[in-house]
Amino acid sequence: MQSCGDVLRDGKYEMTENPVARPSAPIRRMLLPLALAQFICSFAGSNMNVMINDISVDLDTTVQGVQTAITVFLLVMAAFMIPGGKLTDRWGRKRCFVAGLVLYGVGALLSAAAPGLGVLILGNSILEGIGTALLIPPVYILTTMLFTDMKSRARAFGVITGMGGIGAAAGPLIGGLITTAIDWRAAFVFQALIVAAIVVLSRGLEDPLPADPTTPFDGIGAVLSAAGLVCVVMGILQADNALSVSAGLIGLGILLIVGFFLHVRRFERVGRVPLLSTGLFRNRTSNLALLTQNIQWLLLMGVAFVVSAFLQVVRGYNAIETGVIFTAATAGILGSSLLAERLADRHSQRALIMSGFVVTLAGIVVLLLLVRAWTSAWAFAPGLLLIGVGLGAMLTPSVNVVQSAFPEEQQGEISGLSRCVSNLGSSLGTAVAGTVLVVGLATPDRSYAAAMIVLACIGLVGLVASALLPSSSSTAPPASGAQ
């Protein structure tokens, strides 16, 4: 299959010769299970935010215990996303997709029956996390391969990333409805039912390329990278308990990550295939876009956890009341995601990402000012709406810039790296902002403000990174042949 549209070379886009073709109806139908898969995985990362009190009481744990479960789920996804992306070439994209769905479904059912926090972490954080790491890379690889022209691919990525953003933003509302009407355990049964539906819908999904069982897999690299990420994030979580342990874990994590890159360089020197090619980091445009992706998800999940915990623990709101407040963020993400294609036609990638950060930062400032001046829960709505609009506007452009920078043979690697970076951002958002909030719950207003200020500072880094993107970064598909 040959792609058409723009080709990214040295940070600039050049036109290819292939004519634009509208995807056939069967190909468009394949988008449904892929988009639903992204939705349910993002939903799983945020719906527990409104169950903090319910889970804490039922499982006899603490707010920090629930924070750990949420963070570990996001962290496991990040740690295994690169190996998951690599396995798509070896096992086949559809096979990895279905296997991930099955593992995810088993984890959801185990979580629903969890008698304690340990089993919840096993089912939700470990099994669902690994399942997600297997099924998400194929979502983006298959989308890149099936939609071969610029507009249809932008539309497809818009649907998928939009569903991901909606899943993350609507998770509190749907989770709150289910928890209040039935029980928090029913939310995991809901996930299992959606996963079963996706398995059925994916029967018509076709893998454009055959699996290659001879593709080498770097097991040592997988262990080093996963262990390094786990140590860093778990070190952040320990910051409010023991600074020495926290520093030790973070230091160990950094050493493991450095060891991973030294291992990769050694593999490349002797001609072996590493888990992740260092060539992926030689593209300046892709590197900047990856940084914006990381910060976007860090802001989304960080704000979601801080606001949810503050409303429940400090203001005493139940699951449904907390979830309803998040409809503002859901509406913002949905609205801007639906306009993704039209915005891409009129504005460059750089302009969309920069504008998204500006609007998101404005939303955080509004959250700080209104919540301090107004005790009503609706004081959160304007800020959450702005954050939703801003994130929805820039999620798709960032993904498209990254995926478009590499040819077909590297799509497995870059998809895994891209999803790893995004999910690492999600776990860092919950870990960093959540830790700042939990440490100061004795003075909740100050800890809430501190967490929001930390998120705003991180958002400024994202704005600077987006400003450094090339001005020619318009919506473009991957290089010729990069489906």
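Student: Ala, Val, Leu, Ile, Met, Phe, Trp, Tyr, Cys and Pro count as nonpolar, Asp, Glu, Lys and Arg as charged, and the others, Gly among them, as polar. With those classes, how does the lining of the largest cavity divide?

Tutor: Bearing in mind that this is a predicted model, the lining of the largest cavity comprises six nonpolar, seven polar and one charged residues.

Student: How much space is in there, and which residues are closest to the centre?

Tutor: The largest cavity holds about 150 Å³ of space, and of the 14 residues that line it, Q38, S42, M77, W297 and N423 are the closest to its centre.

Student: And which helices supply at least two residues each to that lining?

Tutor: Those helices are α1 (25-46), α3 (63-91), α5 (117-146), α10 and α16, each of which supplies at least two residues of the lining of the largest cavity.

Student: How many cavities of 30 Å³ or more does a search of the whole structure find?

Tutor: The search of the whole structure finds four cavities of that size, 30 Å³ or more.

Student: OK, pockets now. What's the volume of the largest one, and what lies nearest its centre?

Tutor: The largest pocket has a volume of about 400 Å³, and its lining consists of 20 residues, with L229, L417, C420, V421 and L424 lying nearest the centre.

Student: What classes are those lining residues, and which helix gives the most?

Tutor: The lining of the largest pocket has 17 nonpolar residues, three polar ones and no charged ones. The helix that gives the most is α16, with five residues, while α8 (219-237), α9 (243-269), α10 (284-314) and α16 (411-439) each supply at least two.

Student: You mentioned α8 and α9, so how do they pack?

Tutor: Helices α8 and α9 pack at an angle of about 155°, with their axes 7 Å apart. Angles over 145 degrees count as roughly antiparallel, which makes α8 roughly antiparallel to α9, and the crossing of the two is left-handed.

Student: What about α14 and α15?

Tutor: Helix α14 (residues 349-373) packs against helix α15 (residues 380-403) at an angle of about 160°, and their axes are 7 Å apart. Helices α14 and α15 are therefore roughly antiparallel to each other, and α14 passes α15 in a left-handed crossing.

Student: Last topic, charges. How many salt bridges are there?

Tutor: Taking a salt bridge as a side-chain nitrogen of Lys or Arg within 4 Å of a carboxyl oxygen of Asp or Glu, the count comes to two. One of them joins the side chains of D58 and R185, at 3.2 Å from N to O.

Student: Where do D58 and R185 lie?

Tutor: D58 lies in helix α2 (residues 52-58) and R185 in helix α7 (residues 184-201), so this pair ties together parts that are 127 residues apart in sequence.

Methods
Residues numbered from 1 in each chain as written. Predicted model: local features only at pLDDT ≥ 70, side-chain atom pairs only at ≥ 80, totals over all residues. Heavy atoms only, no water. Axes fitted to C-alpha atoms, helices over the stretch in contact; angles between N-to-C directions. Helix = DSSP H or I, 4+ residues; strand = E, 2+ residues; numbered from the N terminus. Parallel < 35°, antiparallel > 145°, perpendicular 65-115°, else oblique. Left-handed = near helix turned anticlockwise from the far one by under 90°. 1 Å grid on protein atoms, 1.4 Å probe; cavity = no way out; pocket = protein on both sides within 12 Å on 5 of 7 lines; lining within 4 Å. Points joined across faces, edges and corners; volume = space filled by probe spheres on them.
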